[in-house]
Amino acid sequence: MICLTKNDQGAELLTGYLAKTLDTAGMAEVDRHIQECADCRGLVSVWEKLDEFAAPEVTADFDARLYARMAAEDARQPWWRRLLWRPAVPLVAAGALVGLGLLMVPRTPNVATQPNQMDIEQVAQAVDDLDLLTPIAQ
Amino acid sequence: MGYVLPAAAQDPAAKQNIIRQKALRQQKLKELKAQQQKMIPLPAPALERFLQMSPADQERALSRLAPERRQQVEERLRKLQQLPPDQMQRLQDVYPAFQNLRPVRQAAVRAEIQELRKTRPAFRKERLNDDARDFSPEEMDILRRVAGIPE
């Protein structure tokens with residue numbers, strides 16, 4: 001199995017493993033890998049430690065006191081800062097959305113026009129898999 | 001002005017020889033073309049795209065790999081291109097099925113094939129039957145095809 005730290009699907013597999021949503025074979029596979037791989041064992045133990053962490057109880061009026069404190073902080077700011085800040089929020093949010101959209105637009109490289117941009121790792125992986133799947137000599 | 005033919009062209013026997021050699025060359029070319037047409041393409045689209053690139057572009061792409069990795073990929077690719085048509089046909093059937101598996105199952109099938117390769121032929125069937133419970137029917141089909149073990 002490819003190490004979870006090097007596998008593209010590592011995060012997904014780890015989450016599935018910790019949430020116990022992987023199928024039996026998948027769980028067994030990750031289990032086996034964790035026995036052999038110190039890095040992944042460390043990763044899993046950190047996650048398990050986080051699960052063990054018990055958050056301290058908060059007082060009953062915690063929310064009310066928090067909001068009151070936030071309101072007091074807000075009131076302490078000079079008037080011009082409050083004016084500048086409020087209209088900036090939607091603008092910044094819109095800018096962030098546009099930026100995120102640009103980042104998330106799937107880029108499909110045109111292999112015919114940009115052959116040197118082709119993912120050679122993908123080709124190498126295909127060659128490895130084809131080599132592996134070549135019928136075993138009898 | 002007179003036009004002088006080469007001596008070989010004037011000699012009927014030499015002329016015959018030239019014609020025969022030309023015919024042989026043409027036949028060889030025809031055979032090569034037919035063989036190329038019969039060649040089954042590799043089933044991986046990324047790889048096929050790579051193979052359609054010009055040698056200069058292939059070189060540029062390969063240069064992005066580490067030297068040892070590049071050598072390994074080139075060697076495996078050469079081996080794949082020399083596979084006989086029947087083995088290539090088997091790859092055509094198995095590779096898409098393998099690609100359909102989830103990454104974690106691909107990893108499991110890879111590991112099993114590597115183990116099967118290490119196992120002596122006489123024991124492969126037994127090993128595969130012992131491990132059958134760890135694999136789905138689709139995965140077992142891939143393993144059987146690669147190991148050449150009918151159900």
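Below is a chat about a predicted model of chains A and B, covering their interface and then chain A itself.

Colleague: How many residues does each chain bring to the contact?
Modeller: In this predicted model, chain B contributes 45 residues to the contact and chain A contributes 32 residues.

Colleague: And what area is buried between chain B and chain A?
Modeller: The buried area comes to about 3600 Å², with carbon and sulfur atoms giving 66% of that area. On the side of chain B, the residues B:V104, B:R110 and B:R117 supply 14% of the area that this chain buries against chain A, which is more than any other three residues supply.

Colleague: Which salt bridges or polar contacts are there across the interface?
Modeller: Six salt bridges are found across the interface of chain B and chain A, and one salt bridge joins the side chains of A:D131 and B:K79, at 3.1 Å from N to O. Counting residue pairs in polar contact between chain B and chain A, with both residues at pLDDT 80 or more, gives ten.

Colleague: Which helices of chain B touch chain A, then?
Modeller: At least two residues each come from α3 (45-52), α4 (55-62), α5 (67-81), α6 (85-99), α7 (103-118) and α9 (137-147) of chain B. Among these, α7(B) gives the most to the side that touches chain A, with ten residues.

Colleague: What is that side of chain B made of, by class?
Modeller: The side of chain B that touches chain A has 27 nonpolar residues, 14 charged residues and four polar residues.

Colleague: Switching to chain A, what is its secondary structure?
Modeller: Chain A has six helices and zero strands, so that from the N terminus on its elements run α-α-α-α-α-α. Of its 138 residues, 25% count as buried, and among the contacts in chain A with a separation of 6 or more, residues 24 or more positions apart account for 44%.

Colleague: Which residues of helix α1 of chain A are buried?
Modeller: Helix α1 of chain A spans residues 10-18, and its buried residues are A:G10, A:L13, A:L14, A:G16 and A:Y17.

Colleague: Why do they line one face of the helix?
Modeller: Seen down the axis of α1(A), the buried residues fall within an arc of 165°, and therefore they line one face. As a general point, an α-helix has 3.6 residues a turn, so residues three or four places apart point the same way.

Colleague: What does the face turned away from the buried side carry?
Modeller: That face of α1(A) carries the exposed residues A:A11, A:E12 and A:T15. Just after α1(A), the residue A:K20 takes a positive phi of about 55°.

Technical notes:
Residues are numbered from 1 along each chain as its sequence is written. Chains are lettered from A and ligands numbered from 1 in the order in which they are written. This is a predicted model: local features need pLDDT of at least 70, side-chain atom pairs count only at pLDDT 80 or more; totals for chains, interfaces and linings use all residues. Side-chain values use heavy atoms; hydrogens and water are left out. Contact means heavy atoms within 4.5 Å. Buried area is the accessible area (1.4 Å probe) that two parts lose on being put together, summed over both. A salt bridge is a side-chain nitrogen of Lys or Arg within 4 Å of a carboxyl oxygen of Asp or Glu. A polar contact is a pair of N or O atoms within 3.5 Å; within protein, one must be able to donate a hydrogen and the other to accept it, and residues adjacent in sequence count only if both atoms are side-chain atoms. Helices (H or I, at least four residues) and strands (E, at least two) are DSSP runs, numbered from the N terminus. Ala, Val, Leu, Ile, Met, Phe, Trp, Tyr, Cys and Pro count as nonpolar, Asp, Glu, Lys and Arg as charged, and the others, Gly among them, as polar. Buried means under 20% relative accessible area, exposed over 50%, partly exposed in between (1.4 Å probe, protein chains only). The arc is that of the directions from the helix axis to the C-beta atoms.
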